[in-house]
Amino acid sequence: MAVVKVIVIKRSNSNNYYARWTDPVSMREKRKSTKTNIKRDAERFADRLEKELNEGAYFEIPKTTWKDFRQRFETEVVPGFTDRTAQKVTTAFNHVENIIKPNLLTQVDANSISKLVKKLREQGLVEVSIKGYLAYVKSSLVWAKSIGMIHRVPEFPKFKRIREQKLMRGRPLCLEEFERMLAVVPDICGEKQAESWRFHLRGLWCSGLRISESLDLYWDREDKLSIDLTGKRPMLRIRMESEKGKKDRLLPIVPEFAALLEEVPEDERTGPVFNPLARIKRTERMLPSTVSKQIADIGEKANVVVGDKGNIDKETGKRKPRFASAHDLRRSFGERWSLKVMPDVLMLLMRHSDIDTTMKYYVGRNAQKAAEVIWGAEAGPVTNSVISQVLRTNSKKTDHV
């Protein structure tokens, strides 16, 4: 039974007959001139073309629907991912559905993927995010090919290498900027809730935790990220369910974070370590996205500008500013400790999966600051206070990386 059916038509603007068929991949109508005005010869041309199409590239085209593919991938493959990765896969698939709107899996081809990239850029997504989403889509299509859902994986666009100074969307903050954020907390979060938010912000500043990690950190739950106080030094225990490497890890805590935890009385060390309170309580705990948005509001209220969003403000004609976020507090932690410890230790503190990430984002990026610390050693030992002073002075001049 033919997959492609070719028929002969006559166009009003041409003397010759045309062959017409529906492309089973794109589901679009295609036409080709038979180069003859004799109907019998045109029908013979159409018969030959139909045979070529069905015996060639379109022979036995898999008719897996996008819906069936997504359901199988999300039930057979995604359960092996971490929660964070699973959320990213869901977001990537949602972008495909909203922009490409595929009925068949084969409609996710090179042309539609190029359209996807264009639309995501128009929506304001940065290249790093787009590249990440495409990576999840491509890996899922590789899996689909491995089980016979498609014959080949389409070509994906190649991204130009991002300039080093644009690796970070924000930048590390200096101490004065962080103190400004703490000062405006009551304006954004409310007077009664301010203390819980300040404690959370201080925790992000001196731990380097990601926003989702900080809200998932508990004093006494073994199935979550937890504080381990059983050894000589306080440690951070990360469960395999939250790790890309799918294994439990015990990681060191820096003294400044340990000192913050010590402020909590022993009889109160139960439940979540950080629990910023909402003005109006609708759920037991606030969602990470809501907390992240509120911290961004704090950064804007404190007028801590860390870069620009890339898009133009129609009223001013200037690029819209990007204000400090929760992740900029993590960047600040990495910046400070990159001058205090070796790269392999910093990798553990930042919980990076490999040393390349640490080297790319934090090590070797602050040559001027490192030089000041080194030359300061000529006059005396390089203490933490010396490093802090250098960081306080130079963070104000940090470029937006």
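**View 1. F178 is a buried residue in a predicted model.** F178 counts as buried because its relative accessibility is 4%, below the 20% limit for that class. The model shown in every view is predicted. W205 is buried too, with a relative accessible area of 10%. The two rings form a stacked aromatic pair. F178 belongs to helix α6 (residues 175-183) and W205 to helix α8 (residues 194-207). The pair thus joins distant parts of the chain, 27 residues apart. In total, the structure has 12 aromatic pairs.

View 2. Which residues of α6 are buried? They are E177, F178, M181 and L182. Viewed down the axis of α6, the buried residues fall within an arc of 145°, so they line one face of the helix.

View 3. Helix α2 spans residues 66-76. W66, F69, R70 and F73 are buried in this helix. Seen down the axis of α2, its buried residues keep within an arc of 95°, so they line one face. K67, Q71 and T75 are exposed on the other side of α2. The buried residues pack against two helices, α3 (83-99) and α5 (127-146).

**View 4. Ring pairs build an aromatic cluster.** Which residues does the cluster contain? Ring pairs link W66, F69, F73, F81, F93 and W143. W66, F69 and F73 are also buried residues of α2. The helices packed against that buried set are α3 and α5.

View 5. Strand β1 (residues 7-10) pairs with strand β2 (residues 17-22) over 4 bridges, antiparallel. I7 has R20 in β2 as its bridge partner. The two strands form a hairpin, with 6 residues between them. Strand β2 also pairs with strand β3 (residues 29-33). That pairing is antiparallel as well and runs over 5 bridges. Here T22 stands opposite E29 in β3. Strands of a sheet pair through backbone hydrogen bonds, either parallel or antiparallel.

**View 6. A42 is buried in helix α1.** Helix α1 covers residues 39-55 and includes A42. A42 is buried, with a relative accessible area of 0%. How far apart are A42 and Y17 in sequence and in space? They are 25 residues apart in sequence and 6.2 Å apart in space, C-alpha to C-alpha. Leaving aside neighbours within four places in sequence, A42 is in contact with V8, Y17, T34 and T36.

**View 7. Two arginines sit over tyrosine rings.** R11 lies over the face of Y18, at 4.7 Å from the ring centre. The charged end of R221 sits over the ring of Y218. In that case the distance to the ring centre is 4.9 Å.

**View 8. A 4-stranded sheet is open.** Its strands run in the order β4-β5-β6-β7, with mixed pairing. β4 (217-218) and β7 (249-252) stand at the edges. Each has a single partner strand, so one side of each is left without a neighbour in the sheet. β4 pairs with strand β5 (residues 225-228) in the parallel sense, over 2 bridges. L217 stands opposite L225 in β5.

**View 9. Two cysteines are buried, and the structure has 0 disulfides.** C174 counts as buried, at 1% relative accessibility. C206 is buried as well, with a relative accessible area of 5%. A search of the whole structure finds 0 disulfides. A disulfide is a covalent bond between the sulfur atoms of two cysteines.

**View 10. The whole chain sets the context for the close-ups.** The protein chain has 16 helices and 9 strands. Of its 401 residues, 42% count as buried. Consider contacts between residues at least 6 apart in sequence: 58% of them join residues at least 24 apart.

Note on methods
Residues numbered from 1 in each chain as written. Predicted model: local features only at pLDDT ≥ 70, side-chain atom pairs only at ≥ 80, totals over all residues. Heavy atoms only, no water. Phe/Tyr/Trp six-rings, centres within 6.5 Å; stacked < 30°, edge-to-face > 60°. Buried < 20%, exposed > 50% of the residue type's maximum accessible area, 1.4 Å probe, protein only. Lys NZ or Arg CZ within 6 Å of the ring centre and 35° of its normal. Contact = heavy atoms within 4.5 Å. Pairing = 2+ DSSP bridges. Arc of directions from axis to C-beta. Disulfide = S-S within 2.5 Å.
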